[in-house]
Amino acid sequence: MQEALKLAKKGLSWTWPNPLVGAVIVRNGKVVGKGYHQKVGLSHAEIEALARAGKNAKGATLYVNLEPCSHFGKTPPCVDAVIQAGIRRVVCSTLDPNPKVSGSGVDKLKQAGIDVIVGILEQEAKKLNEAFFTFHTKKRPFVAIKFAASLDGKIATYTGDSKWITNEKAREYARFLRSQYQSVLVGVNTVIADDPHLGVRKKGKKDPIRIVLDPHSRIPKDAKVLRDTNVLIINEQITISHLLTRLKEREIISILVEGGGKTIGSFVDSGLVDKVYAFHAPIIIGGEKAVNSVGGSGFATIRQAQHLKDVTFQRFSDTLLTVGYV
């Protein structure tokens, strides 16, 4: 199953809105086939693994990090192929949260006389596909916020200068984070002030959809975010809740909110943030008019503030990254 999870990660940034899935087929103690879902519209992991296993799939065990699908989407149901191949046992990490599947895949396998085990490395599998699970259980995209700030929580000076607060290693990792999300979102003020690229800039990784909140149509026509059609401009005043509903309708399952402080603050105020990436550099900017990393109304008491759990820390030379879940 660890190998299946490792294979699944190879599809990162290419499978949206589908999940990351890897599959390994074992017969008589030997791996006879393996595969992963490479890109939306292409074969699922189980089909890739079965093709490589060929006749050796008969009587073998299939390990897969998500319940095999049982419905027709862009590809036929995987359970039918698993049954036809003569697989004897299926071991999967977790059931599929998609209501079109949600246990029906396992039921169909059992009805065909196949032994099924569910729950192996379940937490690891759910974390790998946390956006997919949130999308289908909460009926909205998974939302993460990311900011790079000084020790006193500023993302720019009172003159608007913001380049650069963190070091190059931290900024490179921040760009990599974009590959883990289907979309990246900023407010138009960030586009006007910084003209960000908002791409991954890494070979083999797909750029996310770029979303810009621009209610008064102020975005410059030569902005870098407009370099191709992989961009969505929201030209209206809209609540965060309504925005997420609209994005769900477009099958956007995850968003990385990058700024600025006002936009990040609106998401925090909405109570609809799932994950936080906070970079802090060892500098102090100061100034009441300097730009705060998180704007908005804020919370009246410490008890009401959004506390993080499952917190981890990572160092990039002198810059510290704090990651946690709300």
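In this tour, contact means heavy atoms within 4.5 Å. This is a predicted model, in which local features need pLDDT of at least 70 and side-chain atom pairs count only at pLDDT 80 or more, while totals for chains, interfaces and linings use all residues. Residues are numbered from 1 along each chain as its sequence is written, and side-chain values use heavy atoms, with hydrogens and water left out.

**First stop: Pro-17**

Select Pro-17, in the loop between α1 (2-8) and β1 (22-27). Helices (H or I, at least four residues) and strands (E, at least two) are DSSP runs, numbered from the N terminus. Leaving aside neighbours within four places in sequence, Pro-17 is in contact with Val-40, Phe-132, Gln-182, Glu-251 and Ile-253. Then turn to the peptide bond from Trp-16 to Pro-17, which is cis, with omega near 0 degrees. Most residues other than glycine have a negative phi, and most peptide bonds are trans.

**Second stop: Ser-217**

Move to the loop between β9 (209-213) and β10 (231-234), where Ser-217 lies. Ser-217 is not a glycine, yet its phi is positive, at about 50 degrees.

Two packed helices are described by the angle between their axes and the distance between the axes. Axes are lines fitted to C-alpha atoms, for helices over the stretch in contact, and angles run from 0 to 180 degrees between N-to-C directions.

Select helix α2 (residues 45-53) together with α3; their axes come within 9 Å and cross at roughly 25 degrees. That makes α2 roughly parallel to α3. Angles under 35 degrees count as roughly parallel, over 145 as roughly antiparallel, 65 to 115 as roughly perpendicular and the rest as oblique. Glu-46, Ile-47 and Leu-50 of α2 make the contact with Cys-78, Ala-81, Val-82 and Ala-85 of α3.

Now show helix α3 (residues 78-85) with helix α4 (residues 104-111): they pack at an angle of about 20 degrees, with axes 10 Å apart. That makes α3 roughly parallel to α4. Here Val-79, Asp-80, Val-82 and Ile-83 in α3 meet Gly-105, Lys-108 and Leu-109 in α4.

Select helix α9 (residues 240-249) and α10, which pack at an angle of about 95 degrees with their axes 9 Å apart. That makes α9 roughly perpendicular to α10. Which residues meet between α9 and α10? Ile-240, Leu-243 and Leu-244 in α9 meet Ser-266, Phe-267 and Ser-270 in α10.

**Last stop: the largest pocket**

On a 1 Å grid over the protein atoms alone, a pocket is an open set of points where a 1.4 Å probe fits, with protein on both sides within 12 Å along at least five of seven lines; lining residues have an atom within 4 Å of a point. Select Thr-190, Asp-194, Glu-258, Gly-259 and Gly-260, the closest to the centre of the largest pocket among the 48 residues that line it. Elements that each supply at least two residues of this lining include α8 (188-194), β11 (254-259) and α10 (261-270). Finally, zoom in on Gly-259 and Gly-260, joined by a cis peptide bond with omega about 0 degrees. Gly-260 is found in the loop between β11 and α10.
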